Amino acid sequence: MKKIQISPSILSADFSQLGNEIKRLEKSGADMIHVDVMDGHFVPNLTIGPPVIKALKKHSSILFDVHLMISPVHEYIEAYSNAGADIITIHPEATKDLKSSILKIKELKKKVGISLNPETKIDVILNFLDQIDLVLIMSVNPGFGGQKFMPEVLIKIKELKKIQKEKKLNFDIEIDGGINFENSKTAIEAGANILVSGTTVFKSNNGDIKKNIELLKSK
Ligand code: DX5
Ligand code: ZN
């Protein structure tokens with residue numbers, strides 16, 4: 001049974017204090033830092049890029065779980081790798097050739113993640129499951145924090161979990177979007193072992209990040 005990990009999304013952090021927020025997350029027991037990169041083209045929002053990630057990396061010793069909501073993505077993979085991304089997660093719709101983008105991330109010795117939007121079926125990635133480290137199941141339409149959880153995506157997690165067992169594969173299953181204290185257990189029971197959370201981690205219990213991470217982890 002994989003250990004349940006929490007990857008807080010800094011999209012909900014105080015952007016004027018990102019270095020301190022990263023330190024606060026690490027001290028509060030975050031297993032990795034979920035960095036939402038948005039280009040205002042693949043999604044209708046714009047956040048941060050390689051220079052900011054490079055600056056933040058100095059303030060943290062835990063993994064940077066970088067979620068690239070950008071397109072085209074292939075040409076930028078190396079820049080995010082050099083900036084300090086440890087896990088590079090891309091959307092299949094954002095690359096002309098998913099196989100070559102996966103290979104590119106592996107060549108750079110980074111972990112490879114593929115993210116599926118709520119309406120994207122798992123068929124798109126079935127042929128790649130033995131080559132990737134992580135599947136990121138979006139439980140909101142990408143672009144913004146604080147959206148409502150879409151429970152219909154849980155069926156995809158259950159399907160992936162079944163395939164993982166049948167084929168004896170070891171990829172992580174990460175869920176991202178609208179995760180809170182009411183649905184985290186359902187997500188874990190469905191088969192997710194990494195929970196992304198922005199709003200719940202930063203805003204619940206008067207911003208007690210340590211308590212919020214512990215509550216999300218508890219089954
Ligand atoms: C949305 C991002 C998510 C989001 C999660 O496009 O990929 O990581 O920031 O934030 P919450 O937990 O607030 O839904
Ligand atoms: Zn994300």
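1. Ligand 1 sits in the largest pocket. The model is a predicted one, and the points below should be read with that in mind.

2. The shell around the ligand draws on several parts of the fold. Strand E2 (32–38), strand E3 (63–69) and strand E8 (194–197) are the elements that each supply two or more residues to the shell around ligand 1. Of these, E2 gives the most, with 3 residues.

3. How many residues surround ligand 1? There are 21, and the closest are Asp-36, Gly-143, Asp-176, Gly-198 and Thr-199. Sorted by class, the shell has 12 polar, 7 nonpolar and 2 charged residues.

4. In Asp-176, a side-chain N or O atom lies 2.5 Å from an oxygen atom of ligand 1. Gly-143 makes its approach through the backbone, where an N or O atom is 2.7 Å from an oxygen atom of the ligand. Gly-146 also uses a polar backbone atom, at 2.8 Å from an oxygen atom of ligand 1. As for cover, ligand 1 has 380 Å² of accessible area on its own, and the protein covers 100% of it.

5. Away from the ligand, charged pairs deserve a look. Side chains of opposite charge can pair when their charged atoms come close. The structure holds 8 salt bridges. One of them joins the side chains of Asp-172 and Lys-2, with an N to O distance of 2.8 Å. This pair links distant parts of the chain, as the two residues are 170 residues apart. Asp-172 belongs to strand E7 (residues 172–176), whereas Lys-2 is in the segment before strand E1 (5–8).

6. Which peptide bond is cis? The bond from Ser-71 to Pro-72 is, with omega near -5°. Pro-72 lies in the loop between E3 and helix H3 (77–83).

7. Although Asn-205 is not a glycine, its phi is positive, at about 45°. Asn-205 is placed in the loop between helix H7 (199–203) and helix H8 (209–217).

Key:
Residues numbered from 1 in each chain as written. Chains lettered and ligands numbered in written order. Predicted model: local features only at pLDDT ≥ 70, side-chain atom pairs only at ≥ 80, totals over all residues. Heavy atoms only, no water. Near = heavy atom within 4 Å. Polar contact = N/O pair within 3.5 Å; in protein donor to acceptor, adjacent residues only side chain to side chain. Areas by Shrake-Rupley, 256 points an atom, 1.4 Å probe, with all protein chains shown as cover. 1 Å grid on protein atoms, 1.4 Å probe; cavity = no way out; pocket = protein on both sides within 12 Å on 5 of 7 lines; lining within 4 Å. Sits in = over half its atoms within 2 Å of the grid points. Helix = DSSP H or I, 4+ residues; strand = E, 2+ residues; numbered from the N terminus. Nonpolar A, V, L, I, M, F, W, Y, C, P; charged D, E, K, R; others polar. Salt bridge = Lys/Arg side-chain N within 4 Å of Asp/Glu carboxyl O.
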